[in-house]
Structures are given as C-alpha cells and as structure tokens.
Amino acid sequence: MAAGPPPAGGTHARNSPGPSALRLVWVYPDLLSTYGDRGNLLVLERRARLRGIDVESVLVNADQPVPRQGDVYLMGGGEDLPQILAARRLRADGGLAAAAEGGAVVFAVCAGYQLLGTEFGGEEGQPVPGLEILNIRSGRGQRRGVGEILADVSPALGVPRLTGFENHQGVTELGPGVAALAKVVTGVGNGDGTEGARAGRMIGTYLHGPVLVRNPGLADLLLTWAAGPLPALRADDEEWTQRLREQRLAAVPAGSA
Amino acid sequence: MTGHRPAGGRHAAAPGRAGRRIASSPMSKLPLRARLATTIGGAAGRMSRLAGRGDGSVIGGVIGLRVEPDLLALLAAGRRVVLVTGTNGKTTTTRLITAALGVLGQEIASNAFGANMEAGLTAALGQAPDAPLAVLETDEKYLPTVLAATRARVVALLNLSRDQMDRAAEIWMVARRWREALASATNCTVVANADDPLIAWAAAAAPDVIWVAAGQRWHEDSWCCPQCGSHLSRDELGWRCGECEFTRPPAKWVLDGSSVIDSAGRVHEVSLSLPGQANRSNAVIALAVSEVFGVEPAQALAKLRDVASVAGRYTQVERHGRQVRLLLAKNPAGWLEAFDVLDEPPVPVLLSVNAREPDGRDTSWLWDVDYRVLRGRPVFVTGERRLDLAVRLEADQVPFELVEGVDDAVDQVSGGRLDVIANYTAFQQIRVFLGRAA
C-alpha cells in the first residue's frame with residue numbers, strides 16, 4: 001500500500017488499545033497531506049508508545065464523519081482546491097469544531113492552519129470561509145515563502161527553537177484571544193515576523209509537513225496536553241532525531257529572512 | 001548506456017534516408033539567423049563536451065536561443081514532433097517511443113538524456129537538422145510553450161503527482177495550463193493516461209484524444225475532482241466524481257497486468273527488458289503513440305524489448321565483484337515504482353537522498369513514502385540528507401546502517417547483488433562515482 005489511501009475508519013494501533021488509549025485523529029489525509037504530513041502522526045505514535053502509552057490512530061477521509069472523542073487532532077497541508085473542499089466538508093460535519101470546543105488538542109499545519117480561522121484565500125485569492133474555531137484570518141500574500149525556517153517559540157511553552165520548511169503564499173493575522181506560536185528568526189511565517197498561532201490547546205503553524213520530526217519538543221508538548229506529564233526518552237531513542245535537528249539548525253544561517 | 005543512441009541522429013538509419021518524406025533538408029530552409037544560431041549553438045555544445053561539462057546539449061541550445069529566440073519553432077517546422085510529458089517516466093517513455101518509431105527507418109531527433117526545457121529541445125533538433133521525426137521529452141511547466149512552438153503532431157501525457165514542490169507549481173495548476181494549451185491544439189493527437197484523473201482532465205479539452213488505461217499506482221494526489229473539487233471514488237472500473245459527471249473516459253488501449261489490449265482489440269504480452277509495472281505503462285503509451293505513425297503494436301513491441309537501460313536507470317554495474325543495479329526515484333510515486341522492481345529479500349538495498357536544487361530543497365516527501373516494505377533485508381543509507389532518511393526509517397521500524405557511499409555498502413554485501421535507489425543528484429553522483437560505467 002502507498003502511504004495511504006487509508007482504509008475506512010482505519011486504525012494503526014499495534015497494541016490493542018484499552019479504554020485509556022490515546023486517540024490520535026488525522027483529519028482528511030486524502031485531501032490535506034501534500035508534504036509528508038503523515039510524519040506528524042508517526043512521530044506522535046512513536047513518542048507516546050516509547051513511554052508505554054497505548055495509541056489508537058484514526059484516519060478520517062473527507063467522506064467520513066470526524067469522530068468527536070479524539071484526544072489529538074492533526075490536520076495537514078494541501079493545494080487550494082482540496083483546502084476549499086476540506087473547509088466545506090468540515091463546516092458541514094461539525095466534528096472537529098465540537099472536539100476543539102470540548103478541549104481536544106488540535107495541531108494544524110499550513111492549509112490546515114489557515115482552515116481553523118475565519119477565512120483564507122482560495123485558488124484565485126478569493127476569501128473562503130474557514131471553520132472559525134481559531135480567531136485568525138488568512139489571505140494570499142504578495143510572494144511565496146519557500147525555504148528553511150527557524151522560529152523561537154514563545155517562552156511560556158518551554159519548547160526549543162523550531163526548525164522546519166515552509167512553502168506557502170499565505171499571510172495570517174492573529175485576532176484577539178490568539179497568541180503567536182513563535183517569533184521568526186529566518187523565514188516568512190505569518191508575514192509580520194510572527195509564526196503560527198495558539199489558543200488553549202490549539203496550535204497552527206506554517207512549518208509544513210512533518211514539522212514534529214525535527215521538533216520533538218513540540219510533539220511532546222502536544223502529548224503532555226493530551227496525556228499529562230511524560231518521562232524523558234532514552235538517549236538511544238533520541239539519537240537520530242537529535243542529530244537531524246542539530247544538522248538542520250546548523251544548516252540555516254539565523255536572520256537570513 | 002547500452003549503446004543505443006538515437007539522440008542527435010548521429011547514426012541515422014541508412015534505409016530511412018530513402019524513405020524520408022521531406023524532400024529537402026529542413027536545415028537548408030531555415031532563415032540565415034536560425035542557421036547561424038544553430039551553428040553557434042552546436043559549436044558551444046562541442047566546446048562544452050570537450051571541457052567535460054556534461055554532454056553539451058543544453059549550452060548549445062541556450063546560446064542558439066539567445067541568437068534566435070524563435071529557434072525552437074524554426075527548427076521544428078516541417079517535422080512530425082512527439083512531445084512526452086508527465087511527472088514520472090518521461091525519459092524512459094521518450095526512449096521507448098524512439099525505439100518503436102525505429103520501425104519506420106527514418107532519422108529521429110530526440111533529447112534522450114533528459115534535457116527537457118526549451119534549450120535542451122532546441123539543441124536536440126539542432127543536432128539532427130535532417131530528421132523528419134522528433135521525440136522530445138518536455139518539462140511539465142514548459143509544455144504549453146513548447147507545444148505552441150513545435151506544433152506537435154502527438155502529445156503523450158503520462159501522469160501527474162507531487163514532485164519538487166518547493167520549486168514546481170502545484171500540480172492542479174500544471175494540469176490547468178495543459179488543459180488550456182491542449183484545448184486549442186489543432187492537428188494534434190493527445191495520447192493520455194485515462195487512469196490518472198488530473199491527466200484525464202487536462203486532456204479532455206483537446207480535440208483529438210486517444211485514451212490509454214495505463215494504470216495509476218499513486219492515488220494520493222487525486223482524491224479531489226479536478227473539475228468540481230469534490231471527492232473522487234475509485235473501484236476496479238476506474239474513478240468517478242461523486243458530484244459532477246466527470247469520470248474515467250473509456251479507453252482505447254488497456255494495460256491489464258502484463259498484457260495489453262490494443263486499439264483493435266488484440267491482446268499482446270508486454271514483455272520488456274526494463275523491469276516493473278511502471279515501465280509496462282510507459283510501453284503501452286509508446287505503442288499508442290507509435291500507432292499514430294502507422295507502426296503496428298507487434299512490430300513496436302519487438303523494438304521496445306531492445307531497450308534495457310535508459311540514461312543509466314536500471315543499469316547494472318559490476319563493483320568489487322558485486323552486481324550493483326541503479327534505480328532512480330525522484331518523488332513518492334517514483335519510490336513506489338522502484339520498490340516494485342527490487343529484487344526479493346534478502347537482496348540488500350542502498351538508499352541515497354540529496355536535497356539540492358534539482359531534487360527540491362525540501363525532504364518532507366520522505367514521509368509520503370511507506371518504507372515498511374524494506375523490512376527483512378539489509379538497508380544502507382547514504383547521501384547528503386542521510387539523517388532525514390535515518391529518522392524516517394526509524395519511524396517505520398526498518399533497521400538500517402549509515403554508510404559514507406556506495407563502496408561502503410558494496411564492501412559489506414556478502415552476496416552478489418546490491419540494489420541502489422537514489423533521487424536525482426544522488427543518482428548522478430553515484431553514476432559519476434562508478435565511472436559513468438552506468
């Protein structure tokens with residue numbers, strides 16, 4: 001099988017999940033998975049299981065209802081048309097908004113990030129209504145931001161510098177009640193020197209695709225919100241991740257925005 | 001390479017000269033400036049080759065175009081041109097079509113080494129000024145321009161999927177530009193893969209289409225109807241939109257496993273020297289294109305079997321007593337195709353990934369590839385982005401070993417064989433390292 005298509009209501013769990021299993025819900029991998037977004041799911045699964053937490057992953061396609069009882073919801077990036085279709089479906093479905101209202105963790109990337117807000121730019125730049133569960137508004141910027149991005153996370157979150165790749169033409173304004181996730185060191189982000197957004201247990205970011213791969217601190221923050229305090233991983237289990245992270249941090253000159 | 005080199009027409013088949021349709025050389029009909037541009041471009045290409053900078057095909061075209069911006073159109077005039085485009089299989093299909101059209105015994109101009117933008121195409125035509133036929137691999141983004149310039153007789157559309165997205169346009173935009181360009185292409189036959197929804201949408205606007213059910217292994221970029229944006233559903237009969245009327249067009253040619261049903265309903269076995277189902281897809285497209293030029297499928301198939309490697313791909317090289325086979329995979333769909341042709345475990349595999357400009361600077365796509373199929377065989381990892389690969393394989397619980405390069409892996413292989421899968425610049429580095437034996 002390819003990296004999809006996921007079977008209907010498919011589950012990934014290797015351990016048989018008990019009632020206390022952590023439920024990860026990947027929303028619309030058929031529409032919003034353009035840049036290796038599966039990586040975020042795989043990283044959360046791995047980092048939870050290494051700590052003995054049972055995981056149940058549910059992949060929800062756009063023609064299926066979004067379950068309301070998930071613990072962590074993931075949404076990835078996509079091209080304009082799939083993004084518009086996803087917005088239409090998610091608004092009609094209501095599951096994601098209900099889960100977010102109920103305090104579930106939501107982590108959304110790129111197109112998924114824009115979708116959480118009140119509106120975003122369509123394929124001709126026209127405003128398209130979003131899910132209105134995060135008070136942000138996105139539109140189309142003047143130029144495409146493509147390249148490695150570094151950003152310093154707001155200190156309250158205790159997550160080290162973010163390293164990632166961005167590829168988008170979106171600009172995002174944060175409204176009242178929403179804080180920036182980070183401050184851009186190198187790159188474009190929201191377009192005003194800030195990067196991403198957070199409110200409650202919801203985080204959105206322009207660091208696209210498998211952003212949690214290079215940023216295990218951010219992955220652990222999401223897991224902590226969902227499952228409580230976590231023990232550190234064994235050094236062996238962190239080795240490759242840390243080597244990759246150091247290489248990417250060193251590869252990008254800070255301040256070359 | 002295996003020594004077949006139709007490119008540049010340096011060894012035009014002798015019988016073809018008599019059968020040529022165009023009486024006088026197209027070259028002699030060119031305006032003076034175009035002739036000059038071709039000559040200057042050719043000289044630059046020769047100097048570039050002498051200086052050891054590649055095969056010199058692009059620089060000649062670049063300089064020629066600078067002297068005469070309409071050079072491509074002028075060089076294409078009076079020839080029957082085939083353009084081949086799509087995300088994967090362009091170089092191979094170009095080669096297969098060239099081989100099949102060999103039945104006609106006419107000289108064929110072709111950019112056989114993958115220089116697929118305007119300069120590369122110009123150079124290929126300039127190097128074969130008398131060839132009445134041209135088979136030209138064309139970069140996806142340049143298809144509309146090249147189509148207008150060459151007034152192609154046939155355009156072959158293979159597939160569209162995510163590829164180097166940090167520098168390429170989103171593929172729906174690519175399909176839309178194709179659709180606009182093909183809608184007004186008169187005297188042009190489009191040979192299109194009906195199993196790929198984006199290809200079908202792009203081709204459906206063209207006046208004359210031959211649909212080929214060539215298969216589609218990678219579905220991840222076509223869950224959305226290109227026409228209305230709704231969800232596409234799939235079953236064994238193909239794909240259809242749940243909301244609008246857009247559905248897989250009925251195909252005139254059908255690839256079914258390893259056999260093909262041709263346009264007359266006859267069944268042929270597609271046995272090739274090239275491995276894998278993706279190459280059978282390429283071959284069926286080549287058969288349909290050749291038939292437009294009057295080549296019978298049975299004759300064409302015999303020619304296709306002669307193609308054993310394409311610009312180093314699938315080549316087997318001996319290294320320290322081991323057989324090393326080189327597979328190119330540039331994007332997730334390409335990796336699926338490469339996995340399909342791997343030798344059975346426990347034959348080891350070396351993976352090499354770079355992220356230079358031609359590869360795309362972003363390695364996110366590694367997470368779109370399911371590496372679990374590699375469990376059960378030794379896996380070596382190299383390339384400039386080997387750490388990205390390491391983390392990826394760790395997540396899929398595929399044991400691996402980091403190595404410095406090909407020889408490191410070769411020396412650790414106890415058996416006789418090693419398969420290598422590499423992305424674009426990593427592949428070129430390995431070919432150079434192995435002395436271009438490939």
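How do strand S14 and strand S15 of chain B pair, and over how many bridges? Strand S14 (residues 349-352) and strand S15 (residues 379-382) of chain B run in the parallel sense, with four bridges between them. Strands here are DSSP runs of E with at least two residues, helices are runs of H or I with at least four, and both are numbered from the N terminus. Two strands count as paired if DSSP finds at least two bridges between them. Within this pair, Ser352(B) has Thr382(B) in S15(B) as its bridge partner.

A word on the model itself comes next. It is a predicted one, so local features need pLDDT of at least 70 and side-chain atom pairs count only at pLDDT 80 or more, while totals for chains, interfaces and linings use all residues. Residues are numbered from 1 along each chain as its sequence is written, and chains are lettered from A and ligands numbered from 1 in the order in which they are written.

The scores for the model are ipTM 0.92 and pTM 0.83. For chain A, pLDDT (the predictor's confidence in each residue, from 0 to 100) averages 91, and 91% of the residues score at least 70. Residues 1-18 of chain A fall below 50, and this stretch has 39 contacts in the model beyond near neighbours in sequence. Two residues are in contact if their C-beta atoms, placed from the backbone, lie within 7 Å. Chain B has a mean pLDDT of 87, with 87% of its residues at 70 or more. Its residues 1-25 are below 50, and that stretch makes 42 contacts beyond near neighbours in sequence.

Turning to the fold of chain B, there are 16 helices and 17 strands. Among contacts with a separation of 6 or more in chain B, 69% link residues 24 or more positions apart. The chain is divided into domain 1 (7-304) and domain 2 (316-433), with bounds from an automatic or database domain assignment. Where the two meet, 16 residues of domain 1 are in contact with 15 residues of domain 2.

One open sheet of chain B has nine strands in the order S2-S3-S1-S4-S5-S6-S9-S10-S11, with mixed pairing. At its edges are strand S2 (108-110) and strand S11 (267-269), each pairing on one side only. From one strand to the next, the twist averages 15°. Strand S5 (residues 189-193) and strand S6 (residues 209-213) of chain B are parallel and share four bridges, with Val190(B) opposite Val209(B). S6(B) also pairs in the parallel sense with strand S9 (residues 253-256), over two bridges, and here Ala213(B) faces Val254(B). S9(B) then runs antiparallel to strand S10 (residues 259-261), joined by three bridges; Asp256(B) stands opposite Ser259(B). The hairpin of S9(B) and S10(B) has two residues between the strands, and Gly257(B) in it takes a positive phi near 65°.

Helix H8 (residues 143-150) of chain B lies across S1 and S4, at about 175° to S1(B). In helix H11 (residues 277-292) of chain B sits Val289(B), which counts as buried because it has 27 C-beta neighbours inside 10 Å. Leaving out residues up to four places away in sequence, Val289(B) touches Val82(B), Ile97(B), Val154(B), Ala156(B) and Val191(B).

The strands from the opening belong to another open sheet of chain B, with six strands in the order S12-S13-S17-S14-S15-S16 and mixed pairing. Strand S12 (316-319) and strand S16 (401-402) are at its edges with a single partner strand each, so one side of each has no neighbour in the sheet.

Finally, the contact between the chains takes 36 residues from chain A and 30 residues from chain B.

Notes. Axes fitted to C-alpha atoms, helices over the stretch in contact; angles between N-to-C directions. Buried ≥ 20, exposed ≤ 12 C-beta atoms within 10 Å, placed from the backbone.
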